[in-house]
Amino acid sequence: MEHDRYFSGTIKRTSAESTVAWSQEPSALSQRPNIVIVILDDVGYAEFGCYGSDIETQALNSLATDGLRYANFHVTPLCSPTRTCLLTGRNHHSVGMSRVAEITNGFPNTRGFVSREAANLAEMLRPHGYQTLAAGKWHLGSIHETSPAGPYDHWPLQRGFDRFHGFLPGETNQWNPELITGNERVEAPQKENYHFSEDIVDHSCKWLRQLASANPEQPFFLYVAFAAAHSPHHAPVTYVEKYKGRFDEGWDIARTKILARQTASGLLPEGQRLAPKNPGVQDWDDLDEDEKRLATRLMEVYAGFLDHADDQIARLLEQIDALGKGDDTIVIAMSDNGASPLGGLHGTYDHQLPRNGILTSVEDNLARLDDMGGPLTYNHYPFGWATAGNTPFKRFKGHTYGGGVRAPLLIRWPNGIQANGETRRQFYHVVDITPTLIDLIGAPLPNHVNGIEQIPLHGVSMAHTFNDNDAPTRKTHQYFEIVGQRGIWQEGWKAVTFHQRGDDYDSDVWELYHLDNDIAEIDDLADKHPEKLEALKELWWQEAERFGVLPLDDLSHRPSAGWWPEPKDRWVLYQDAVLPHHFKSGPRVRGVSHRIVARIERQSTDQDGAIIADGGRFGGWSIFVHRNRLHYTTNNFGERCRTLSSAAIPPGVATLRIDVVRTGEDEGHVRFYINDESGGEGILSPFGYHNFVNEPLEVGRDSQTPVDDLYASPFTFKGKIADVVIEAFGTEVLDHEALLEELMTSQ
């Protein structure tokens, strides 16, 4: 019989006559330590205190004191690729994540999710009895697969994790995040001073207490991916005020002091030089007093953000110790890439503005100075501070120079590492972390996971360095590539090139550095060693072929037809619908002539709420009922325009219609209809299309932050919504008096 194929007892007619047997396969692992991986976001090489920063990161520093600090650790220059390498042990192009998950192009290396041929660490550990837990940022699934329609194939619970609490895309509001628990969207707790960093550690500690109570011998793998310190830089005001005046000397002196700390602590060699300051970064002394005041405040906010996250790490470590798990828990802490330059020259109260080609003036930012770091801003520091955060290296996140790919790495394991407080200098890469952990626990690499044949690991174990300072690296070479930026390291030498979007790749100028003697990539040896440079360039192309880097794509060309969903001009949405930010087939109405018809039912005229809302406080649009009038509001980065009907909405069943004609570059003419009767009109401006923050489109509520400050979120419609039908008619500018009736009544 199928059901008793592996049963070793005997089965008779009754249990009294039968013999029980319960076989359980013994663990194949040589040891089963707990594993905790803590990954910070957009934190530069020099922004942990133990890597030279003036930011107080006591918990992270304790990992360096009680464990190991790696001086020569590398990552990819972007979030999703680094997380892919970290969790799978494979190079990111090979498994479909050449860049951030939101941007796909139809080629195998850029699918926006991690191939199932590359099981992650959770998928490899679960069969060996590990409970697998993930909290925080995911960013490993294509954005158009994150709606309630799924597919859920690449959500955390479908990729080996037993529990998940966090968010799916690349960034979120720390005060009002877009949250997923398990497979369900949930709202952030409505409690005073809620902060996402605290929330994910709260969940992590709760899970560990539950596990230790139910099965104290079961090992766990906990993956904690902070949104800190990715923009927006959101921090409790007490943490920000703690740093008041700390950065008044500016980034030039900060770089010098950071370097002095790095060399004094033995992280970097004596006599280490600073790389030249990045292009466009001003000398601090050339800034006027207003520019300095703005820049220092934004850095104080950033420091408070990271300090606050460090305090949450301290809580997590304390919980692990309190459960008696500290000695046999491997704790790994790192950053995913170098510090980010997206704040530009002076920084900004909303980092989306530069993305949309809008530069905020110093005056604009100073007007929001007291709000920086709080729920009313989406701020980012100037790239002068990112330059200091990457000391002593050059360039930033997104580049294949040291400023993009050098990262801090700390490892603590009391039962396995005796060389506490030491610094390791061997070259390693984030792709080597999973092979190291697999090596430490003696896990056999599976040939198949969930029935799918696996590709080999690409990384190598660095476990032999834990207790041997003189152990050589077992890595011989490692390539780098992100959006046309390229580099390759081989046995102490590195070739690297800076690529301008749209340029011919063959025209890129390659540089050559001997990193063993020049870690900051200062002395270009290309002219002195042309043969070495050519050999490294050839090796790069070989690795590109081997690991699926090709075709190179710097985002200067649109994907081929047939890959992106066909544009739609009509959508039918129902109450409780949720479409995530960047959802490729979702409605676009900003800058487009359109009609929206909502069929609703209310018991009384007191029932109000959002009928449909897309985005939130930092940009979007919303249609809602307030004081028994129909409203349509657009929001450009906090600049709002509100129109409303002159006619009231009767109770009971009602059909609400809004016709909008684009009448200017940034203007739309609105007409309201209540049960097909004219109900007023107005002008929407701003009205143009922009790329806003990660807040979803929702029907029947505006749940995260409010598009319109006339209401507070969550703003839920108190009646019933049968459906909302959206029809789009085009982006051409029209004369509304001549064409409105023809356009709208012909549909």
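Modeller: Trp138 and Phe164 are both buried. Please keep in mind that the model is predicted. Aromatic pairs in the structure number 25 by the rule applied here. For Trp138 and Phe164, the ring centres are 6.5 Å apart and the planes stand at 65°, so the pair is edge-to-face; that label is given to planes over 60 degrees apart. The two residues come from distant parts of the chain, 26 residues apart. Trp138 is in the loop between β4 (131–137) and β5 (163–167), while Phe164 belongs to strand β5.

A second pair can be set beside it. The ring centres of Trp621 and Tyr632 are 6.1 Å apart with planes at 55°, so this pair is tilted. Trp621 is in strand β23 (residues 619–626) and Tyr632 in strand β24 (residues 629–636), so the contact ties together parts 11 residues apart in sequence. Trp621 and Tyr632 are both buried.

Arg627 is found in the loop between β23 and β24. Arg627 is not a glycine, yet its phi is positive, about 50°. Its relative accessibility is 71%, so Arg627 counts as exposed; the cut-off for that word is over 50%. Another residue with a positive phi that is not a glycine is Asp576, at about 75°. Asp576 sits in the loop between β19 and β20 (578–579), and with a relative accessibility of 57% it counts as exposed.

Next come the charged contacts. The whole structure contains 39 salt bridges. One of them joins Arg99 to Asp553, with the closest N and O atoms 3.0 Å apart. This pair spans 454 residues of sequence: Arg99 is in the loop between α2 (79–88) and α3 (121–125), and Asp553 is in the loop between α13 (530–546) and β19 (570–573). Arg99 has a relative accessibility of 3% and therefore counts as buried. Asp553 is also buried, at 16%, because the word applies under 20%. The loop between α13 and β19 holds Pro551 as well. A cis peptide bond joins Leu550 to Pro551, with omega at about 5°. A further cis bond runs from Ser685 to Pro686, with omega near 20°; Pro686 is in the loop between β28 (677–684) and β29 (697–699).

Another salt bridge is formed by Arg273 and Asp523, at 2.6 Å from N to O. Arg273 is in the loop between α6 (251–264) and α7, and Asp523 is in the loop between β18 (510–514) and α13, so the bridge ties together parts that are 250 residues apart in sequence. Arg273 is partly exposed at 41% relative accessibility, and Asp523 is partly exposed at 35%.

Glu241 and Arg297 meet through their side chains in a salt bridge, 3.0 Å from N to O. Here the link is between helices: Glu241 is in α5 (residues 237–242) and Arg297 is in α7 (residues 289–322), 56 residues apart. Elsewhere, salt bridges link several residues into a network: Asp54, Glu56, Lys242, Arg246, Arg261 and Asp307.

Finally, there is a group of charges on the surface. Asp288, Glu289, Glu363 and Asp364 gather there in a patch of negative charge. Asp364 belongs to helix α9 (residues 362–366) and is partly exposed, with a relative accessible area of 38%.

Terms used:
Residues are numbered from 1 along each chain as its sequence is written. This is a predicted model: local features need pLDDT of at least 70, side-chain atom pairs count only at pLDDT 80 or more; totals for chains, interfaces and linings use all residues. Side-chain values use heavy atoms; hydrogens and water are left out. Patches are made of residues with over 30% relative accessible area and no salt bridge: like charges are joined within 9 Å, nonpolar side chains (Val, Leu, Ile, Met, Phe, Trp, Tyr) within 5 Å. Accessible areas come from the Shrake-Rupley method with a 1.4 Å probe; for residues, only the protein chains shown count as cover. A salt bridge is a side-chain nitrogen of Lys or Arg within 4 Å of a carboxyl oxygen of Asp or Glu. Lys and Arg count as positive and Asp and Glu as negative; His and the chain ends are not counted. The place of a charge is taken as NZ of Lys, CZ of Arg, CG of Asp or CD of Glu. Helices (H or I, at least four residues) and strands (E, at least two) are DSSP runs, numbered from the N terminus. Buried means under 20% relative accessible area, exposed over 50%, partly exposed in between (1.4 Å probe, protein chains only). Rings of Phe, Tyr and Trp (its six-membered ring) pair if their centres lie within 6.5 Å; planes under 30 degrees apart count as stacked, over 60 as edge-to-face and the rest as tilted.
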